[in-house]
Amino acid sequence: LADTRDEWKMNKAGYKARIKKNLSDNFAAFINGSQELYFSLIDYPENAVNAEKTVSESQWLNRQAVYKDALGKGINMTVSLNNEMLVKEAVINDLSALGDISGKEHYDIPFKLTSNNSIDIEVGGKFLSEEKIITTDKTVKIIDNKGITSYILAPKAMDSEGNAINISIEYKLTKGGITLTKKLPTSWLKNASYPVRTDATVSYYSGAGDGRADGAGCAAGAG
C-alpha cells in the first residue's frame with residue numbers, strides 16, 4: 001500500500017485499489033481496467049473512524065487497513081489486499097456486540113456498491129436489473145456497460161476456532177446503487193467462538209478462490 005495524503009493505493013497486482021484513511025463513502029475502491037467499484041456503508045458511526053495499517057501480522061504487513069468499531073462498538077471492518085482480490089471483512093469481537101438478536105433468523109450487515117460505469121449483477125442466469133432483489137450464497141458476476149466483468153466470490157463466516165459456514169448475500173437494486181446485505185444465521189452466531197469474521201471478496205477473475213486473501217480465516221472456502 002503506497003501512502004498518500006488521504007488514502008492508500010495499490011498498483012502492483014492484476015487490479016488497482018484505493019483505501020481511504022477516513023471512513024466515508026467510497027472507502028474502498030477496486031479498479032479492474034476501466035471498471036471502478038466503490039464500497040460504502042449505509043450508516044456511519046457518529047464519531048470519525050480513521051483506518052490503521054496492520055503492523056502486527058506479517059502476512060498482512062502493508063496490505064491491510066483496519067477501521068475499528070466501524071460497524072458498531074465491538075465490530076471492526078478490515079480491507080485486505082493480495083495479488084488477485086480485495087477482501088472486505090466485518091470482524092465481530094463478541095456476541096454482545098450484536099445486541100439483542102433473539103427472535104431474529106439473521107443478523108444483517110449491509111453496505112453499498114456503486115461504480116463509475118453502469119453495472120448489473122448476474123448469477124445463475126438471473127440479472128439484478130430484471131429481478132430487483134437476488135439472494136444467493138454463490139459467486140456473482142459484476143458486469144458493466146463496457147464489457148468488463150468482476151466477481152464477488154461466494155461468502156462465508158468463520159469463527160476463531162476455524163468453524164466456517166456458507167452465508168448468503170442479498171443484492172437489492174436501489175436508486176443510489178446496489179445494496180449488498182450479508183445475512184449471518186443467528187443460530188450459528190449464538191454458538192460461535194469469537195471473534196467471528198465474515199467477508200465480501202471482489203476479484204477480477206472467478207478462479208481466485210473463495211475466502212480471505214491470505215488463504216486463512218474465512219479461506220476455508222469463500223469470499
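Which residue in β5 is the bridge partner of Phe 30? The answer is in point 2, after a word on conventions.

1. This is a predicted model, in which local features need pLDDT of at least 70 and side-chain atom pairs count only at pLDDT 80 or more, while totals for chains, interfaces and linings use all residues. Residues are numbered from 1 along each chain as its sequence is written, and side-chain values use heavy atoms, with hydrogens and water left out.

2. In β5, Phe 30 has Leu 37 as its bridge partner. Strands here are DSSP runs (E, at least two residues), numbered from the N terminus, and two strands pair if DSSP finds at least two bridges between them. Strand β4 (residues 28-32) pairs with β5 through five bridges in the antiparallel sense. Their hairpin has two residues between the strands, and Gly 33 in it takes a positive phi near 65 degrees.

3. Strand β5 (residues 35-41) is largely enclosed by the rest of the structure, because six of its seven residues are buried (under 20% relative accessible area with a 1.4 Å probe, protein chains only). β5 also runs antiparallel to strand β10 (residues 106-115), joined by five bridges. There, Leu 41 is partnered with Phe 111 of β10.

4. Strand β8 (residues 75-81) has seven of its seven residues buried. Ile 75, Met 77, Val 79 and Leu 81 point one way, whereas Asn 76, Thr 78 and Ser 80 point the other way. In a regular strand, side chains alternate between the two faces of the sheet.

5. Now the nonpolar cores, meaning sets of buried Ala, Val, Leu, Ile, Met, Phe, Trp, Tyr and Cys residues joined through side-chain atoms within 4.5 Å. The largest has 38 residues, and Phe 27, Tyr 67, Leu 113 and Tyr 171 have the most contacts inside it. A second, separate core of 16 residues includes Ile 92, Leu 98, Ile 109 and Val 196.

6. Finally, Tyr 171: setting aside neighbours within four places in sequence, its contacts (heavy atoms within 4.5 Å) include Ile 121, Leu 128, Lys 132, Val 140, Ile 152 and Leu 180.

Definitions and conventions:
Buried < 20%, exposed > 50% of the residue type's maximum accessible area, 1.4 Å probe, protein only. Helix = DSSP H or I, 4+ residues; strand = E, 2+ residues; numbered from the N terminus.
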